[in-house]
Amino acid sequence: MRGNSFYGPFSDGGVRLELTPTTNSPLAIDVAESTEMRIQRLISENPVVIFTRSSCCMCHVMKKLLSAIGVHPTVIELEEDEIAALPSTAAVTGDEVISDGSGPGEAPAVFIGGTRVGGLESLVALHLSGRLVPRLVEVGVITDVVL
């Protein structure tokens, strides 16, 4: 039985772990779990999660923006055939629906508090409108903010 293997720190402060099916980590892969169920589980278990493709520069910008605010999202890199399983729901903030037109099968996609915000454009728009930080406070990932 193998456990987690540490590969070393990344420049943005994250670490890379190899997760085996025998681990109890919430990021572990259960081979019996469908892609759709795994994505839904990861969305519900992580307050801020980004689903991305390999080497996605937009994901890097999303991580940098959230990191500058003090949030370190869970980033899940999906295979091309898994991206189609991403749910397509727009974020509702107050009385407004925010959507960048992204639908299922489009990545990167950020979810905050279980709700799809959309891609990079939607995340930046939420930030520029002053609604990103209150949303992050609402889901409990930021606690020391004066609004």
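Q: How many bridges join strand 3 to strand 7?
A: 4 bridges join them, and the two strands run antiparallel. Strands pair if DSSP finds at least two bridges between them. Strands (E, at least two residues) and helices (H or I, at least four) are DSSP runs, numbered from the N terminus.

Q: What kind of model is this, and how are residues numbered?
A: This is a predicted model, where local features need pLDDT of at least 70 and side-chain atom pairs count only at pLDDT 80 or more, while totals for chains, interfaces and linings use all residues. Residues are numbered from 1 along each chain as its sequence is written, and side-chain values use heavy atoms, with hydrogens and water left out.

Q: OK, back to the strands. What stands opposite F51 in strand 7?
A: A109 does.

Q: Which way do the residues of strand 7 point?
A: A109 and F111 point one way, V110 and I112 the other. All four are buried. Buried means under 20% relative accessible area, exposed over 50%, partly exposed in between (1.4 Å probe, protein chains only).

Q: What does strand 7 form with strand 8?
A: A hairpin, with 2 residues between the strands. G113 sits in the turn and has a positive phi of about 60 degrees. T115 is the bridge partner of I112.

Q: Now aromatics. How many aromatic pairs turn up in the whole structure?
A: The search finds 1. Rings of Phe, Tyr and Trp (its six-membered ring) pair if their centres lie within 6.5 Å; planes under 30 degrees apart count as stacked, over 60 as edge-to-face and the rest as tilted.

Q: Why does the pair of F51 and F111 count as edge-to-face?
A: The ring planes stand at 85 degrees, with centres 5.7 Å apart, so the pair is edge-to-face. F51 is in strand 3 and F111 in strand 7, 60 residues apart, so the pair links distant parts of the chain.

Q: Are those two buried or exposed?
A: F51 is buried, at 0% relative accessibility. F111 is buried too, at 1%.

Q: Switching topic: which residues touch the most others in the largest nonpolar core?
A: V48, L66, V110, I112, L123, L132 and L136, out of 18 residues. A nonpolar core is a set of buried Ala, Val, Leu, Ile, Met, Phe, Trp, Tyr and Cys residues joined through side-chain atoms within 4.5 Å.

Q: Which element gives the most to this core?
A: Helix 2, with 5 residues.

Q: And what does L123 touch?
A: Leaving out residues up to four places away in sequence, L123 touches M62, L65, L66, V110, I112, V117 and L132. Contact means heavy atoms within 4.5 Å.

Q: Where is P73?
A: P73 lies in the loop between helix 2 and strand 4 (74–77). P73 is buried, with a relative accessible area of 16%. Beyond its neighbours within four places in sequence, P73 contacts V48, I50, K63 and L66.

Q: Last one: how many helices and strands does the protein have?
A: 5 helices and 8 strands. Of its 147 residues, 37% count as buried.
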